[in-house]
Amino acid sequence: MPVNLTAPDAASLLPVAGVELGTARAGIRKPGRRDLLVVRLAEGTQVAGVFTRNRFCAAPVVVSREHLAASQGQMRALVVNTGVANAGTGAEGQRNAQQVCQAVAAELGVPADTVLPMSTGVILEHLPVERIAAGVPDAVADLAPTHWVEAAEAIMTTDTLPKAVSRRVKLPGGEVVMTGISKGAGMIRPNMATMLGMIATDARIAPDLLQTWVRRMADASFNRITVDGDTSTNDTFLLLSTGQGAVSIARDDDPGAAELLQALVETAVQLAQSIVRDGEGATKFVTIQVEGAGNDGEAAAVAYAIAHSPLVKTAFFASDPNLGRILAAIGYAGIDDLDADRLEVWLDDVRVASQGGRDPEYREEDGQRVLKQAEFTVRVRLDRGTVSTTVWTCDLSHDYVTINADYRS
């Protein structure tokens, strides 16, 4: 069961002028399920993206980078399939990704290099191009500005719920609408973004600024989550600016720019947190806060050491305040001159460690009370400086092993 997460209400998801979405059941891996998404974008739409840093990156990542460069970010369509990741497929995989783009381009009447492909699913398998191409006309026939929930469903793999968020923001130049979707539940330690995600807005954002903003958004959201510490081969996060609304932003210091970026970041954070809440087998949603670090690198190192530790995560699952596991993770995070005697650790409002060991006033039942909650915070104070960071993670349960053992069956 997802942790305090429900399926999005279709009525709450706002259409974004210049964006239409259509899905189809192409039978890519499992019959009868939505597994193909086509997104048509109005002429003039600008797209910026960040992609996986995994060197074994998937063919659609390679092709998307090429198409963004060739078209200078002016895109007309996206095509997303689930079931097969098209990763570890060599030159044939890239040809297959291009063929899928060509099928969409022919159906929509746009250049093939203005189509961005995305894939998710099993690695080391080739795309069933004929089935996908056969499903494209159905997806195009289904195009509508309101089909955000269906789009979120069509990109799921082991997700138990679709993930979609909308916001409406009033700015000095007028009103801005944004809606986004994402997918992911396992193989989540995105070293840039989530496995797949996109946020569209009707604001016109200058191309250079759009690329800067999408990186800032990823760093504040998708780069702050982890389920299992694995970085996918297919990670893609896109920011789409259709320019169909009243607001135009060219610079960071333009009126309304800061407010718009903040709203986009909040949308990305909500989508990113949804992935953790729906992590494979997750029963706990955990916030890791590190304070008083000397720099960003050591703050992140401590946060991820805790968030990635299988021993810590299984203790979370058992609601077991096994404090030694948390302290050990902090200790091996790579800060060679860390002074353990100045370290403090809290579980929510309960201080559990201070002055290099167990806090004198800490009681085991207080720690257990916190860990029995569906959501809680682990807060670490290093007393080395003024830098802080936050990472969101989940526990590690029996079901995580079961889901991943059965993934391909």
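# Close-up views of a predicted model

**View 1. Strands β13 and β16 run antiparallel and are joined by 4 bridges.** Two strands are said to pair if DSSP finds at least two bridges between them. Strands (E, at least two residues) and helices (H or I, at least four residues) are DSSP runs, numbered from the N terminus. The model is predicted, so local features need pLDDT of at least 70 and side-chain atom pairs count only at pLDDT 80 or more, whereas totals for chains, interfaces and linings use all residues. Residues are numbered from 1 along each chain as its sequence is written, and side-chain values use heavy atoms, with hydrogens and water left out. Across the pair, Glu 344 stands opposite Arg 381 of β16. Strand β13 covers residues 344–347, with Glu 344 and Trp 346 pointing one way and Val 345 and Leu 347 the other.

**View 2. A hairpin is formed by β13 and β14.** Strand β14 (residues 350–354) pairs with β13 in the antiparallel sense over 4 bridges. Leu 347 has Val 350 of β14 opposite it. Between the two strands lie 2 residues, and Asp 348 in this turn has a positive phi of about 50 degrees.

**View 3. An open sheet of 6 strands has the order β15-β14-β13-β16-β12-β17.** Its pairing is mixed. At the edges are β15 (357–358) and β17 (387–394), each of which pairs on one side only. β17 pairs with strand β12 (residues 285–293) in the antiparallel sense, over 7 bridges. Within this pair, the bridge partner of Phe 285 is Cys 394 in β17. Helix α7 (residues 296–308) packs on the sheet and touches β12, β16 and β17, its direction making about 20 degrees with that of β17. Contact means heavy atoms within 4.5 Å. Axes are lines fitted to C-alpha atoms, for helices over the stretch in contact, and angles run from 0 to 180 degrees between N-to-C directions.

**View 4. Another open sheet has 5 strands in the order β3-β10-β8-β7-β6.** Its pairing is mixed. The edge strands, each pairing on one side only, are β3 (46–51) and β6 (163–171). From one strand to the next the twist averages 15 degrees. β3 and β10 (residues 236–241) run antiparallel, joined by 6 bridges, and Phe 51 stands opposite Thr 236 of β10. Helix α1 (residues 59–70) packs on this sheet, where it touches β3 and β10, and its direction makes about 145 degrees with that of β3. Helix α6 (residues 257–277) also packs on the sheet, touching β6, β7 (174–183), β8 (196–201) and β10; its direction makes about 165 degrees with that of β6. In β3, 6 of 6 residues are buried.

**View 5. His 67 is found in helix α1.** The 12 residues of α1 reach 17 Å from the first C-alpha to the last, close to the 16 Å expected; the expected span is 1.5 Å times one less than the number of residues. His 67 is buried, with a relative accessible area of 4%. Neighbours within four places in sequence aside, the contacts of His 67 include Met 75, Gln 98, Cys 101 and Leu 116. Other buried residues of α1 include Val 63, Ser 64 and Leu 68. The buried residues of this helix pack against β3, α2 (90–108), β5 (115–122) and β10.

Definitions and conventions. Buried < 20%, exposed > 50% of the residue type's maximum accessible area, 1.4 Å probe, protein only.
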